[in-house]
Amino acid sequence: METFHHVKQPSLELLESGYSLKGKWKEEFFKNNNPLVLELGCGMGEYSVGLAERFPKKNFLGIDIKGARMWQGASSSMEKGLNNVGFLRIRIDWIEKCFAKNEVDEIWITFPDPQLKKRRGTKRLTHPVFLKRYEKIIKKNALIHLKTDSQFLHGFTLGVIAAKDYILEDSINDLYAAPVAREHMDIKTHYENIFLEKKIKITYLRFRLK
Ligand SMILES: C[S@@+](CC[C@H](N)C(=O)[O-])C[C@H]1O[C@@H](n2cnc3c(N)ncnc32)[C@H](O)[C@@H]1O
């Protein structure tokens with residue numbers, strides 16, 4: 001992982017002392033001024049890599065704490081010669097220490113752990129605790145996408161969107177049975193393929209922060 005020029009693995013200590021890339025991802029890491037899109041809990045980074053191939057005028061950064069999974073995305077993006085995708089190995093809980101206000105243009109959350117136990121509710125990546133963190137780094141009216149196999153997490157997130165008065169733009173609880181295709185539907189993640197093999201329905205929603 002350390003040999004990849006497009007992977008960063010800052011420690012919490014380094015982030016707390018003031019991270020040099022905070023506020024400078026576009027200019028110093030991607031070396032352009034294109035929009036910055038994050039994939040949270042990216043695992044092997046299929047969305048980061050797949051979207052980077054489809055949208056060369058946007059920058060994609062996959063974020064996860066697990067290095068072995070991230071290595072797969074880092075290797076495949078390098079083999080494909082993509083220069084608009086990178087990876088950041090951190091706990092998502094530290095995200096405000098990595099990005100400045102208004103630095104992020106869009107967020108994808110792909111198959112996060114639904115954290116079904118009530119006492120672990122604040123660990124859900126669409127819990128208001130996490131949304132408050134995203135609000136500090138994302139632009140006004142920015143889009144957040146959630147793709148999950150968990151009908152529970154889909155419903156929970158719809159409740160949060162309503163309670164927070166965010167703008168719901170799309171919501172479907174059986175993506176592949178929908179009559180209208182979404183442009184990203186052909187990108188499938190490692191976990192998604194496992195759920196599809198088990199015939200579990202995949203849900204999708206997209207909303208805007210205010
Ligand atoms: C079920 S996996 C999904 C991975 C990938 N998106 C996919 O669909 O194959 C959830 C991922 O989220 C990561 N994750 C969950 N909570 C996290 C947190 N607080 N900080 C960093 N990574 C986290 C885990 O390490 C794991 O790789």
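Which residues of helix 6 are buried?

Guide: Happy to. First, the ground rules: this is a predicted model, where local features need pLDDT of at least 70, side-chain atom pairs count only at pLDDT 80 or more, and totals for chains, interfaces and linings use all residues. Residues are numbered from 1 along each chain as its sequence is written, and side-chain values use heavy atoms, with hydrogens and water left out.

Now your helix. The buried residues of helix 6 are Leu153, His154, Thr157, Val160 and Ile161. Viewed down the helix axis they fall within an arc of 125 degrees, so they line one face of helix 6. That arc is taken over the directions from the helix axis to the C-beta atoms. Over on the other side, Ala162 and Ala163 are exposed. As for the words, buried is under 20% relative accessible area, exposed is over 50%, and partly exposed sits in between (1.4 Å probe, protein chains only). Helices (H or I, at least four residues) and strands (E, at least two) are DSSP runs, numbered from the N terminus.

What sits on that buried face? The cover includes helix 5 (128-135), strand 6 (138-148), strand 7 (167-172) and strand 8 (203-208), with contact meaning heavy atoms within 4.5 Å. Helix 6 itself runs over residues 151-164, 14 residues in all, and reaches 20 Å from its first C-alpha to its last. That is close to the 20 Å expected at 1.5 Å a residue, the expected span being 1.5 Å times one less than the number of residues.

Aspartate 165 has a positive phi of about 65 degrees although it is not a glycine. Most residues other than glycine have a negative phi. At 49% relative accessibility, aspartate 165 counts as partly exposed. Glutamine 115 also has a positive phi, about 50 degrees, without being a glycine; its place is the loop between strand 5 and helix 5. Glutamine 115 counts as buried, at 12% relative accessibility.

Strand 5 (residues 104-110) holds aspartate 105, which is buried at 19% relative accessibility. The side chain of aspartate 105 makes polar contacts with two lysine side chains: lysine 26 at 3.0 Å and lysine 139 at 2.6 Å. A polar contact is a pair of N or O atoms within 3.5 Å; within protein, one must be able to donate a hydrogen and the other to accept it, and residues adjacent in sequence count only if both atoms are side-chain atoms. Leaving out residues up to four places away in sequence, aspartate 105 also touches others, including Pro35, Leu36 and Leu143.

Last stop, the ligand. It is surrounded by 16 residues, the closest being Gly41, Asp64, Arg69, Ile92 and Thr189, where near means a heavy atom within 4 Å. A backbone N or O atom of glycine 41 lies 2.8 Å from a nitrogen atom of the ligand, and a polar backbone atom of threonine 110 is 2.9 Å from a ligand nitrogen. On the oxygen side, a ligand oxygen is 2.6 Å from an N or O atom in the side chain of aspartate 64. Taken alone the ligand exposes 600 Å², and the protein buries 89% of that; these areas come from the Shrake-Rupley method with a 1.4 Å probe.
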